[in-house]
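Hello,

Here is the structure I promised to pass on. Please have a look, then read my notes below.

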Amino acid sequence: MTLSFQAAVAGRGFDVSLTVGPGETVAVMGPNGAGKSTLLSSIAGLLRPDSGRAELNGKTLFDLDGGNRTWVPPHHRRTALLAQEPLLFPHLSAVDNVSFGPRSAGIPKREARQRALGWLADVEAEALAGRRPGELSGGQAQRVAVARALAADPSLLLLDEPLAALDIHSAPLLRRLFKRVLAGRQAIIVTHDVLDALILADRVVILEDGRIAEDGPTREVLERPRSAFAASLAGLNFVPGTLDGAAVRTEEGLRIAGHGGDPEADGQQAAPGKPGAQPAAPGQPGRSGEPAPVAGSGSPGVAVFPPSAVSVFLTDAHGSPRNSFAVTISDLEPHGDQIRVRAGGLAADITPAASADLGLVPGLAVHFVVKAAAVSVYGT
Amino acid sequence: MVGQGYSGVPGWVRALAVVAAVVVLLPLLAMVLRVDWTRFIPLVTSDSSLTALGLSLRTSAASTLLCIVLGVPLALVLARDSFRLQGLLRSLVLLPLVLPPVVGGIALLYTFGRQGLLGRAFDMLGLQIAFSTTAVVLAQTFVALPFLVVSLEGAVRTSGSRYEAVAATLGARPGTVFRRVTLPLVLPGLASGAVLSFARSLGEFGATLTFAGSLQGVTRTLPLEIYLQRETDPDAAVALSLVLVAVAVAVVALAYRRPAARSGAGKRPTTPVPAGGNSK
């Protein structure tokens, strides 16, 4: 009961290889145009890749590599697709929408209707059975759409940002519903919301420029991001470079000292609402002086640290195990009860009072300073 | 003029708009004024008139049916598929819209006529198409098909193929998708296209006269009857013209009536009913 998928679409620079285990829910995240929709469309059979092969539960979905190419049309794939918009057939009532899948599978009208009512009850929408899609709110329509997708008895459920079009009142309800129906069900969910990935998925796959940038258990990816996108999801500063002892050397020649220890300290600091322009030094790894070097000097690595660990100074303040970045402020924005200062691709969270004291404005040259103990360094 | 917004239409544009309306409506008015009401009923219920009207209605119904059977697939293929020379095919199919009907009649004659491209083959099978009621239906289909294709292709394009994609992932084979999703979704476009085709068929004159001739009861449709009567009895021609105008008005009213509050019969909902928060 697994999906194995490998496909390339030259025109879109798409080349992805992915497996989904039995009962596993995988969240696919990435910037716009990264190939998330291409991935779902290729699996569903709505888009034909240039090359590759895919198998679902031992049955070939497509094989475009070998001599005898096979292409299974969408209606034989059992991969129901649920999009951002419910796309309920406007001329059919809710119950007829839900029974569409069973009817298409050749189940007699009466029985298909019974099953549809069962699925509607399952999504707590049985009261809507007789309504036309035009008479449903966004959240109600999406619930009916979930019932319709499940009623088709799919081997793999494809969800394309199913919560994105909902208002803030219906999204939590739907998220709970998904949590319930996705349990033990094989599914791929494309989402922009890190909350969806955390709550709904066992694993997260980060797509960037048509390729998989990261793939791992959701928690792990968010705690030790290896791609700029995952770091931005986790709300962490991310500086790529090459490993140099317990530090990362950037392309510009800057050396960022850190530690290769467990990211626990960072994990705590990444938690929102940690106040203080001058965070307390997490006295974790730096016993006295040199922290443990990270293996693999010279290979690519990243330095990752939370914005809450960054202090802002107007002048260069040298302290021994500290990293200082000379940057120009590009943006100031409210962030919880803090002010987020964006500069040179990095972010610092400081108190409004500190910001006012320093007289921070966009365009001002400042120094971002972060203690080595707050910087996680690891290979990518 | 309370509560009217700024329209931005200059005065001279309004004046020209009035002239345009007069150009269309004045001739109709002139004709109505010319009707000899005392003889109206006997004129339109004369034997030849009723025969012509009956033939017109029958042939127009047949050609509309033919337009639907052939036009729906053509519109779908033009709107959904992509193939080489698709753009060219789309333009060529619309040709009868701009072609003088008499040219269409000549083209049909050299296709189905006794000496025509296919006519010889039909002749050998003992089938004579030219100058028969079949020819009338063919001529009407030829000129009316583009109306159905254009209006349906537009409807198919606006409705997009996203519903069909969802239907396919739910396990519906293409035939089921066509029957249960595509057709109901484009039904309004199909209906107005069919009505327009029927109207065009009813008014068809040039191609019919050229390709089918004017045999009473066989190929002499109402427009042909009117043209013939005009020579001998102008009053009869006017009376019959009024009948066609009445039919045309009914057809236009049918095709362009405002979609009333039908509960989503084929029409896609633009916005869901905002019950406790809209979806955007």
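Leu85(B) counts as exposed, because it has 8 C-beta neighbours inside 10 Å (exposed is 12 or fewer other C-beta atoms within 10 Å, buried 20 or more, partly exposed in between, with C-beta atoms placed from the backbone). Leu85(B) sits in the loop between helix H3 (47-80) and helix H4 (86-93) of chain B. Its phi is positive, about 65 degrees, although Leu85(B) is not a glycine. Most residues other than glycine have a negative phi.

This is a predicted model: local features need pLDDT of at least 70, side-chain atom pairs count only at pLDDT 80 or more, and totals for chains, interfaces and linings use all residues. Residues are numbered from 1 along each chain as its sequence is written, while chains are lettered from A and ligands numbered from 1 in the order in which they are written.

Glu161(A) is not a glycine, yet has a positive phi of about 50 degrees. Glu161(A) lies in the loop between strand E8 (157-160) and H6 of chain A (helices are DSSP runs of H or I, at least four residues; strands are runs of E, at least two; both are numbered from the N terminus). Glu161(A) is partly exposed, with 19 other C-beta atoms within 10 Å.

Now the helices. H5 (residues 138-151) and H6 (residues 170-182) of chain A pack at about 15 degrees, axes 10 Å apart (axes are lines fitted to C-alpha atoms, for helices over the stretch in contact; angles run from 0 to 180 degrees between N-to-C directions). H5(A) and H6(A) are therefore roughly parallel (under 35 degrees; over 145 is roughly antiparallel, 65 to 115 roughly perpendicular, the rest oblique).

Best wishes
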